Amino acid sequence: MPAATYTDYTLAELLGWPLLHFVWQGALIASICAILLAVTRNARPQLRYALACTAMLACLLWPALGIVQQWQDPQTINLETAIQLAGKASISLDLVWVRQSLLAAQIEAWLPLVVTSWSMGVLLMLMRLALGLLWVYRLGQHGNDIAVLTQQWQARTNQLAYQFAIRRQVQVKFQKDLLSPVTYGCIKPVVVMPASLLTGMPPDMIEALLAHELAHIKRWDYVVNLLQNLVLSLLFYHPAVWWISKRIDAERELIADDMAAAMLGQARPLARALQVLDKLQIAAMPQAAMAANGGDLLSRIKRLVRPDSQPWHWKMAAPVLGIAAALLLVLQTQVNAAPEPSVPSAPVAAARAEPVTHISAYVKTSSEHVLVVDEQSGKVLLEKNADTIVPIASISKLMTAMVTLDAKLDKDEAITISKEDVAGWHTNQVKLQPGTVLSRQTLLELALIPSSNAAAKALARTYPGGKPAFVAALQSKTATLGLQATHLEEAAGISPNNRSNARDIARLVKAAAGYPELRSLASRSEGSYTVAGQTYDYQSTNSLTASKDWDISLSKTGYSKIAGRCLTMRTTIAGKPVIMVLLNAKNSDVRTDDVMHIRTALETAKPG
């Protein structure tokens, strides 16, 4: 049968990531727009208006394309779902592992809240827009306070509309409670004029304001303004969108000013009318309508009376920093890296009588290297980069313990901790001081349970023949067990050259399980030791050993900056002994999440 791809979409992932990505995308768009507007500062306002509108359109299309891409790209599933699929008899499963950074994993947990908050914000913005449209509609319905003057100015409006080549019927009304002309409507446009201007302005100034509003109607600016507000409603959370919107408003008013001045043959009546509006200190109009007081009134007046070229200012180059910051953010916050090469990572459980469906599943885990093995059958239940050789940190102590036990040394022999043993980084649980005297048995416990580096170093130092002989014994044991990918050069796992892969570590755990004493020590959740009559308690570095829900017969963790969080366990799941190896997780919590998903999946998976 043809191959299929397993997908698992959620609305939070579908919308959340594009909305978050728009944080840097919007900054990038606005920065580029600001630079282009600065370069074209002395060009015609039509060009700057087109640039700002293009930027606003890009603000809408980029997140929309992100949603489409999020929908089309193969979605990821978790380990639990992957193993459950692998256990189905009629499915042949290939796993493609997708890397996910710790930051991305943390952000992903908040995506439902992000999308919910965004949805509520959009709803409020749409309500705001709807109320604005309702206000303007009611304004036009009741805006006919001065019937005689309305008839006179309607005739003049018709003449101006004819001169603008506007074929639509433009209706003019007057409203007492209005302080600035307002235009709304597309097919049947309406210009609502303040009745107060009839007594405070000469006819030529009123005519100039009418010409300005007709210029908006001529250009269908109301439609653009409405779409502009819809984009604002969807992307309300980004300041860059509001800035671009203000630039569109400013350039749109300049274009209407130019068209009105050209139609009237002079600019001064419009400039004087704008000056009157400025003195009245008109409150901002609802965004659903377009008013003559839009943009910067003083700059519009100066431009009409005495147009001057704008000089270059160094602040105009500031958006370059915004572009650099956006690009840097892109490089640092790649949410999902490209999928790694697909490998047959899960067992094929083919039914005898059923056709086999081939599925490629995209799985994300916090652990970079994963191997889960059924110890009895040797069957690999799950693997991810299991053959990659990486530092293994304190997992090395399992081999240290085996070499120590193989030497059959006196477990009660008193060993004095030296300065050499305590040099370097050590666990916060066990802080051994130079001169402390402990038995070899106690040191073995401290090396395995709380993972004391000083204890492991002391075991190697007091090995017959010293550290050189101990290292030789490590390498000999490695060769005996057939661990070809493993190299160990010291006892504690501090060296980055203590390296192995998940497959070798699984073999190491199986060999360690053959030591009854190792099984006993490496499965304990806590212990204590006594120094100078004072008792000190410690806990296992694997918190799962203390859980009654787990049956762990052997466990060892490891950590270093280069190795990340590592864990290997021998445990019983669904009545079967299973060996788990997880290497290079970002932190202990996400590593534990991986382990919990694996156990849940194995417990619920159908036998193959």
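Q: Which residue forms a salt bridge with Glu420?
A: Lys467 does. The closest N and O atoms of the two are 2.8 Å apart. Keep in mind that this is a predicted model.

Q: Where do Lys467 and Glu420 lie?
A: Lys467 is in helix α17, residues 466–480. Glu420 is in helix α14, residues 419–422.

Q: How many salt bridges does a search of the whole structure find?
A: It finds 15.

Q: Which residue does Asp387 meet in a salt bridge?
A: Arg503. Their side chains come to 2.6 Å, N to O. This pair links distant parts of the chain, 116 residues apart. Asp387 sits in the loop between β10 (380–384) and β11 (390–391). Arg503 belongs to helix α18, residues 502–512.

Q: Why can such side chains pair at all?
A: Side chains of opposite charge can pair when their charged atoms come close.

Q: And Glu445, which partner does its side chain meet?
A: Arg524, in a salt bridge of 3.9 Å, N to O.

Q: Is Glu445 buried or exposed?
A: Glu445 is buried, with a relative accessible area of 13%. That is under the 20% cut-off. Arg524 counts as partly exposed, at 27%.

Q: Which residues do salt bridges with shared partners join into one network?
A: Arg48, Arg247 and Glu251.

Q: New topic. How many helices and strands are in the chain?
A: There are 20 helices and 19 strands. The chain has 608 residues, and buried ones make up 51% of them.

Q: What share of contacts join residues at least 24 apart?
A: It is 71%, counted among contacts between residues at least 6 apart in sequence.

Q: Let's talk helix packing. At what angle do α7 and α9 cross?
A: At roughly 120°. Their axes come within 8 Å. Helix α7 covers residues 203–218, and α9 covers 239–264. The angle makes α7 oblique to α9.

Q: Is that crossing of α7 and α9 right-handed or left-handed?
A: The crossing is right-handed.

Q: Which residues make the contact?
A: On α7, they include Glu207, Ala208, Ala211, His212 and Ala215. On α9, they include Arg252, Glu253, Ala256, Met259 and Ala260.

Q: How many residues of helix α13 are buried?
A: 10 of its 11 residues are buried, so by the under-20% cut-off the helix is mostly covered. Helix α13 runs over residues 396–406. Among the buried ones are Ser396, Lys397, Leu398 and Met399.

Q: What comes just after α13?
A: Lys408 takes a positive phi there, of about 50°.

Q: Where else does a positive phi turn up in a residue that is not a glycine?
A: Ala165 has one, about 65°. Ala165 lies in the loop between α5 (147–163) and β4 (171–175). Asn385 has one as well, about 50°. Asn385 is found in the loop between β10 and β11. Asn385 is partly exposed, at 23%.

Q: Last stop, Tyr536. Which strand is it in?
A: Tyr536 lies in strand β16, residues 534–539. Tyr536 is partly exposed, with a relative accessible area of 32%.

Q: What does Tyr536 touch?
A: Leaving out residues up to four places away in sequence, Tyr536 touches Gly527, Ser528, Tyr529 and Val531. A polar contact of 3.2 Å also joins the side chains of Tyr536 and Gln534.

Q: How far apart are Tyr536 and Val430?
A: In sequence, 106 residues. In space, they are 8.4 Å apart, C-alpha to C-alpha.

Note on methods
Residues are numbered from 1 along each chain as its sequence is written. This is a predicted model: local features need pLDDT of at least 70, side-chain atom pairs count only at pLDDT 80 or more; totals for chains, interfaces and linings use all residues. Side-chain values use heavy atoms; hydrogens and water are left out. Helices (H or I, at least four residues) and strands (E, at least two) are DSSP runs, numbered from the N terminus. Buried means under 20% relative accessible area, exposed over 50%, partly exposed in between (1.4 Å probe, protein chains only). Contact means heavy atoms within 4.5 Å. A polar contact is a pair of N or O atoms within 3.5 Å; within protein, one must be able to donate a hydrogen and the other to accept it, and residues adjacent in sequence count only if both atoms are side-chain atoms. A salt bridge is a side-chain nitrogen of Lys or Arg within 4 Å of a carboxyl oxygen of Asp or Glu. Axes are lines fitted to C-alpha atoms, for helices over the stretch in contact, and angles run from 0 to 180 degrees between N-to-C directions. Angles under 35 degrees count as roughly parallel, over 145 as roughly antiparallel, 65 to 115 as roughly perpendicular and the rest as oblique. A crossing is left-handed if the near helix is turned anticlockwise from the far one by less than a right angle, and right-handed if clockwise.
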